[in-house]
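Hi,

Here is the structure I promised to pass on. Have a look at it first, and then read my notes below.

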Amino acid sequence: MADPLILAVDQGTSSTKALLVDESGHVVSRAVAPVTETQPRPGWVEQSAEELWQSVRRAVADCVDPALADRIAGVGFSNQRESLVLWERRTGEPLGPLLSWQDQRTAARSHELAATGAAELVRAVTGMPLDPMFSALKARWLLDAYDPDRRRSRAGELCLGTVDSWLLSRFGGEHVIEVGNASRTQLLDIGTRQWDSRLLELFGVPLEVLPRVVASCGAFPAVRDLAPLPDGVPVLAVMGDSHAAMFAHAGWRPGVVKATYGTGTSVMAIGDDGGIDGAPALCRSIAWDIDGPMLCVEGNIRATGRMISWLAELFGIRTETLLAEAEGKGPDGVHFVPAFGGLGAPWWDPDATPVLTGLSLGTRRGQLFAAALEAVAFQVEDVVAAIERAVGRVRVLMADGGLTHSDRLMRLQADLSGRVVARSGEHDLSCLGAADAAGLAAKLWTLDQLEQRPRPADRFEPTLDETERAARKHAWHAAVRRSRPPQERSST
């Protein structure tokens, strides 16, 4: 019999990627299918759930040679997190748009709930701050819009789910959600790994509309209508994209901290911040549940890659052109705080606004581009510093994701952090992590073999002296203070 293969699919915010991986972990082929998003109003960010599904089909069709389809032992999925869709159970038709994790339309409702003291309950049960980024407020908005009396939800006629849940529903079978994705909804008790009745009542979400929570290796519905794969190929693993990237880094090893530079940036380490006086900077989530639940601490940055692509769109250039122009340039005192839809970790301030400081008549777009790259590095370092307080000293930051193609950014990250940055040789780590987990479930390799697998990386050493680094951080934090409402500035 020919050697088995694993197919991995990563459904992300801006594209869907597919990798075909052999028994040694070598990538045999890959493909990518872009997806779009719309902003119908300020702060609103939507996608089409149907377009996401079709992008999965395109990526798989482009990645898998039909002659290899029968060799695929199983499929692994990773997905953008927190985004939410509501659909009809019988027809499978979405009732409205998929609300992106970037969407901020529920900010006012978040403030109203916080004023009642609900934020304390949310943080205690879910490990996360009450914030529009997470799924619970989106769930309320969708149900208010399409099932205001909750009659259809309680009757079991509707399904509410994150992207993994939606994609799995295309295969038929039971309505399910992977536990790591469920932990990002702000409806799950991360201790019991069950939907919490108090939170369901708080956000107005009937239990009947929600999927059943399952471990990261299922059981999941088998593949259907995903050519050229034959129907019945098992789905062996599902993870949120940041969790999958952490898995690909063998992130269960002590002291590993990773940053995935995507549309936003997730900085994550295995561990639990429960002992640091309830510090508000970090989220606690379930990274995965394979041989039992693995908790992680994480800081989520809203705008990194999206800030760079926005600037490129604004100037009518390609992202690669922007990065090339930023190479070798300094911002000359310009700071850009990309608080589109507020600031995420470590500030968690939905009222922060984007700020450009230090402009002069001599400022040109090269300085703006350099300031944007610095903003990415400064935001990541702010979160890494918070993680260091939670889990101990961070000596090496593992970096992956599209923006890591920029040597300039990686050098900046090392200099502004004062830490070694190790850039993964494989940029599609979320996809690779899904493949690693699926191959583990298929018994193509063991956890020990994954831990010992070579992981080529480029190392970037800091060269900035501590005095200059401290001065530049001080100037960055001054710009962050300007972006925040007066009553919040003292915590910056």
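Arginine 453 puts its charged end over the ring of tryptophan 445, at 4.6 Å from the ring centre. There is another contact of this kind at arginine 105, whose charged end sits over the ring of tryptophan 141, 4.5 Å from the centre. Before you read on, keep in mind that this is a predicted model.

On to the ring-ring contacts. A pair of aromatic rings is described by the distance of the centres and the angle of the planes. The count here is 13 aromatic pairs. One of them joins tryptophan 53 and phenylalanine 171: the centres are 5.8 Å apart and the planes stand at 75°, which is over the 60 degrees needed, so this pair is edge-to-face. The two partners come from distant parts of the chain, 118 residues apart. Tryptophan 53 belongs to helix H1 (residues 49-63), while phenylalanine 171 is in the loop between helix H6 (163-169) and strand S9 (176-178). Are these two rings buried or exposed? Tryptophan 53 has a relative accessible area of 5% and is buried, and phenylalanine 171 is buried as well, at 5%.

A second pair to look at is phenylalanine 134 with tryptophan 348, which is tilted, with 5.9 Å from centre to centre and 35° between the planes.

Next, strand S5 (residues 72-79). Seven of its eight residues are buried, so the strand is largely enclosed by the rest of the structure. Which strands pair with S5? One is strand S1 (residues 5-11), in the parallel sense and over seven bridges; here leucine 7 stands opposite valine 75 of S5. Another is strand S13 (residues 235-240), which also runs parallel to S5, with five bridges. In that pairing asparagine 79 faces glycine 240 of S13.

Among the helices, H13 (residues 407-417) is mostly covered, with nine of its eleven residues buried. The buried residues of H13 include Arg408, Gln413 and Asp415, along with Leu409, Met410 and Leu412. Just past the end of H13, glycine 418 has a positive phi of about 70°.

Some backbone details deserve a look too. Most residues other than glycine have a negative phi, and most peptide bonds are trans. Here are the exceptions I would check:

- A cis peptide bond connects glycine 218 to alanine 219, with omega at about 20°. Alanine 219 is in the loop between strand S12 (212-214) and S13.
- Alanine 345 and proline 346 are also joined by a cis peptide bond, with omega at about -5°.
- Arginine 150 is not a glycine, yet its phi is positive, at about 65°. You will find arginine 150 in the loop between H4 and helix H5 (151-154), buried at a relative accessible area of 7%.
- Glutamine 186 has a positive phi near 70°. Glutamine 186 is in the loop between helix H7 (179-182) and strand S10 (188-189), and its relative accessible area is 0%, so it counts as buried.

Last, the open space. How much space lies in the largest pocket? About 1,200 Å³. The lining is made up of 46 residues, and those closest to the pocket centre are Ser14, Tyr261, Gly262, Thr263 and Gly402. Elements that give two or more residues to this lining include strands S2 (15-21), S14 (257-261), S15 (265-270) and S17 (293-301).

Cheers

Note on methods:
Residues are numbered from 1 along each chain as its sequence is written. This is a predicted model: local features need pLDDT of at least 70, side-chain atom pairs count only at pLDDT 80 or more; totals for chains, interfaces and linings use all residues. Side-chain values use heavy atoms; hydrogens and water are left out. Buried means under 20% relative accessible area, exposed over 50%, partly exposed in between (1.4 Å probe, protein chains only). Helices (H or I, at least four residues) and strands (E, at least two) are DSSP runs, numbered from the N terminus. Two strands pair if DSSP finds at least two bridges between them. Rings of Phe, Tyr and Trp (its six-membered ring) pair if their centres lie within 6.5 Å; planes under 30 degrees apart count as stacked, over 60 as edge-to-face and the rest as tilted. A charge sits over a ring if NZ of Lys or CZ of Arg is within 6 Å of the ring centre and within 35 degrees of the ring normal. On a 1 Å grid over the protein atoms alone, a cavity is a set of points where a 1.4 Å probe fits but cannot get out, and a pocket is an open set with protein on both sides within 12 Å along at least five of seven lines; lining residues have an atom within 4 Å of a point. Grid points are joined across faces, edges and corners, and a volume is the space filled by probe spheres set on the points.
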